[in-house]
Amino acid sequence: METNWIFYVVMIISLVLNSTRADVINKNVERTIDITSQLVKTTYKLTVEETSGKPIKDYEFIVREPNLSYISVKDGFNKKVGTEENHEDGSNLLKFNLTFSEFSSKQTLLIETVSTKNILAYPSHIKQNDKQLVKFVGSLYLYSKYPTFAQKTNVILSSSNILSHTQTKPFLVSSNKIFLGPYENIERLAEEELVIHYENQSPFLTVNTLGRTIEVSHWGNIAVKESIHMTHTGAKLKGSFSRYDFQKDGRSGQSAVKSYKTYLPASAFGVYYRDTNGNISTSNMNLLRDSVELELRPRFPLFGGWKTQYILGYNVPSYEYLFSSGNEYLLKMHLIDHIHDNMSIDEAVVTIILPEGSSNIELVTPYSIKRRQNDLIHTYLDTVGRPVVSFSQQNLVESHISQFTLTYRFSKISLLQEPFLVILFIYIIFLFTIVLLRLDFSLTSHFHKD
């Protein structure tokens, strides 16, 4: 009896182990790392296979990069794959559970990620005429819970001036590209650093805070105002700044930001660009077919560690972004706009001011945001105040430029409130004037004879 009992226990344990054994492998991994700017843009093409022939229903993708800002996952048919982030307390790893819509023993994954603040100036301080050198530290292999059969990695740099890099064979350096691999039979959860020290003169501009205000009017106009605080987060300037050398030698201050381009909607008008000192005239605006190109030039070149702040505003016609059906209204606009190429935003606060009398407000965003408490704001000709919807998000990049949807209810009769208040105000002025003219304020004396 005892022997049979032990036999059954061993059988149960073996069945459990076999059922939980991972037969999924990364058949082939092709990875491209773009570090030509201040952002790390990585694309993966994963060929995943179930060796036992069972259909693959889900896959766990692990990201070791800190400061991950954006991730997009599609299958081999360019269809979006269900993505759910698994939070683990005390872990620096980001784990995503990917769910396939069609089950097969072989799956193809196309993954794009963007991370910020992973390319650091090295050295951290340079002189005005020095070149900006940076260091990138990443993973040589795909960090995965599944074993990898074969992997290749292509790294694209901003310059062919490469001081040093990881030299795990086989590898090949060609101009501003490094080809690593193919590497075969990589164990699961394999860790090895990929370190590259190279020249990168691209602008390291970080938007510390973006305050974006959208004021909706039912009289045909939507006003947009952006308050931007920006810092050059590249190598900091060592020593004093010489404007003479900067203007004389074209190689002086190569990493400094002299100007940059921002893009506004094609229908934007009434554009203004000013700072605390007033209007900044050193800007150029070009009308393109599908946008308005605005070249902004700060009052002074931005070196590493230098900061600037300004306000950019414009108007757009409401019929392009505001739609209605009866008393129901729908607003569709960009959550954020293009500020500069390869932008990085630490925190964005978006405020939407609706017309007075709006109710049943519902907000739908393309990605998760942090809602703030709704509020009221009083402007001219307001009585109870205008509803204000506000939300924020951190660590945003250009890939986050997408539309939000805001629906609300507004009675068209309320449009008559402001004209009525204006008429009432004028009527009171006229009434007061009439009464005032009929009163006699003259000083007269009356003499009576006895």
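Please keep in mind that the model is predicted. The largest pocket holds about 940 Å³ of space, and the second largest pocket holds about 460 Å³.

**The largest pocket**

- A set of 27 residues lines the largest pocket.
- If you want to find its centre, look for Ser69, Tyr70, Ile71, Tyr367 and His400, the lining residues that lie nearest to it.
- Two or more lining residues come from each of β4 (68-75), β5 (82-86), β6 (94-104) and β31 (386-397).
- Among these elements, β4 is the top contributor to the lining of the largest pocket, giving 6 residues.
- Sorted by class, the lining of the largest pocket counts 12 nonpolar and 12 polar residues, along with 3 charged ones.

**The second largest pocket**

- Here the lining is made up of 26 residues.
- Arg64, Glu65, Val137, Gly138 and Ser139 are the lining residues nearest the centre of the second largest pocket.
- The strands β1 (24-35), β2 (40-50), β3 (56-63) and β10 (133-139) each supply two or more residues to this lining.
- The largest share comes from β10, with 5 residues.
- By class, the lining of the second largest pocket has 13 nonpolar, 5 polar and 8 charged residues.

Conventions. Residues are numbered from 1 along each chain as its sequence is written. This is a predicted model: local features need pLDDT of at least 70, side-chain atom pairs count only at pLDDT 80 or more; totals for chains, interfaces and linings use all residues. Side-chain values use heavy atoms; hydrogens and water are left out. On a 1 Å grid over the protein atoms alone, a cavity is a set of points where a 1.4 Å probe fits but cannot get out, and a pocket is an open set with protein on both sides within 12 Å along at least five of seven lines; lining residues have an atom within 4 Å of a point. Grid points are joined across faces, edges and corners, and a volume is the space filled by probe spheres set on the points. Helices (H or I, at least four residues) and strands (E, at least two) are DSSP runs, numbered from the N terminus. Ala, Val, Leu, Ile, Met, Phe, Trp, Tyr, Cys and Pro count as nonpolar, Asp, Glu, Lys and Arg as charged, and the others, Gly among them, as polar.
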